[in-house]
Amino acid sequence: MQTATIFNHETVPLDGEAFRDCEFRGCRMVYRGGEPPKFDNCKFEDVDWRFEDAAARTVAHMKTVWMAGGKAPVQAMIKTITAAS
């Protein structure tokens, strides 16, 4: 677990990582589809979220579903993602 670290203009691999009280400034945040990262009380400033490998294929699949007329399940997923916890 990374604790109270400031990341400046770095590429940060996210799969399987945990971050507590960290700051990310101008970073490229890369998720490849492995174990989701955990963030606890972190701050993000001008970050670039990237989805690569399996994560990119999942995003591409969701776009395909949307374009094939499956807007309702994609919208339901977005609603689940954006719902308050």
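Helices α1 (54-67) and α2 (71-82) each contribute at least two residues to the lining of the largest pocket, where helices (H or I, at least four residues) and strands (E, at least two) are DSSP runs numbered from the N terminus. The model is a predicted one, in which local features need pLDDT of at least 70 and side-chain atom pairs count only at pLDDT 80 or more, while totals for chains, interfaces and linings use all residues. Residues are numbered from 1 along each chain as its sequence is written, and side-chain values use heavy atoms, with hydrogens and water left out.

The largest pocket has a volume of about 250 Å³, and its lining consists of Y31, F51, A55, T58, V59, M62, V74, M77, I78 and I81. A pocket here is an open set of points on a 1 Å grid over the protein atoms alone, where a 1.4 Å probe fits and where protein lies on both sides within 12 Å along at least five of seven lines; lining residues have an atom within 4 Å of a point. Grid points are joined across faces, edges and corners, and the volume is the space filled by probe spheres set on the points. Sorted by class, the lining has 9 nonpolar residues, 1 polar residue and no charged ones, with Ala, Val, Leu, Ile, Met, Phe, Trp, Tyr, Cys and Pro counted as nonpolar, Asp, Glu, Lys and Arg as charged, and the others, Gly among them, as polar.

The protein as a whole holds 2 helices and 9 strands, and from the N terminus on its elements run β-β-β-β-β-β-β-β-β-α-α. Its C-alpha atoms fill a box of roughly 45 × 30 × 25 Å, taken along the principal axes. Of the 85 residues in the protein, 19% are buried, a word that means under 20% relative accessible area, with exposed meaning over 50% and partly exposed in between (1.4 Å probe, protein chains only).

F39, which is placed in strand β7 (residues 38-40), counts as partly exposed because its relative accessibility is 31%.

Charged side chains also pair up, and the structure holds 6 salt bridges, each being a side-chain nitrogen of Lys or Arg within 4 Å of a carboxyl oxygen of Asp or Glu. In one of them the side chains of R20 and D40 meet at 3.2 Å, N to O. R20 lies in strand β4 (residues 18-20) and D40 in strand β7, so this pair ties together parts that are 20 residues apart in sequence. R20 is partly exposed, with a relative accessible area of 35%, and D40 is likewise partly exposed, at 41%.

Another salt bridge joins R32 and D53, whose closest N and O atoms are 3.4 Å apart. Because R32 lies in the loop between β6 (28-31) and β7 and D53 in the loop between β9 (48-51) and α1, the pair ties together parts that are 21 residues apart in sequence. R32 is partly exposed, with a relative accessible area of 37%, as is D53, with 43%. A further salt bridge links E35 with K38, the closest N and O atoms being 3.6 Å apart; E35 is partly exposed, at 48%, whereas K38 is exposed, at 51%. Finally, salt bridges that share partners join R32, E52 and D53 into one network.
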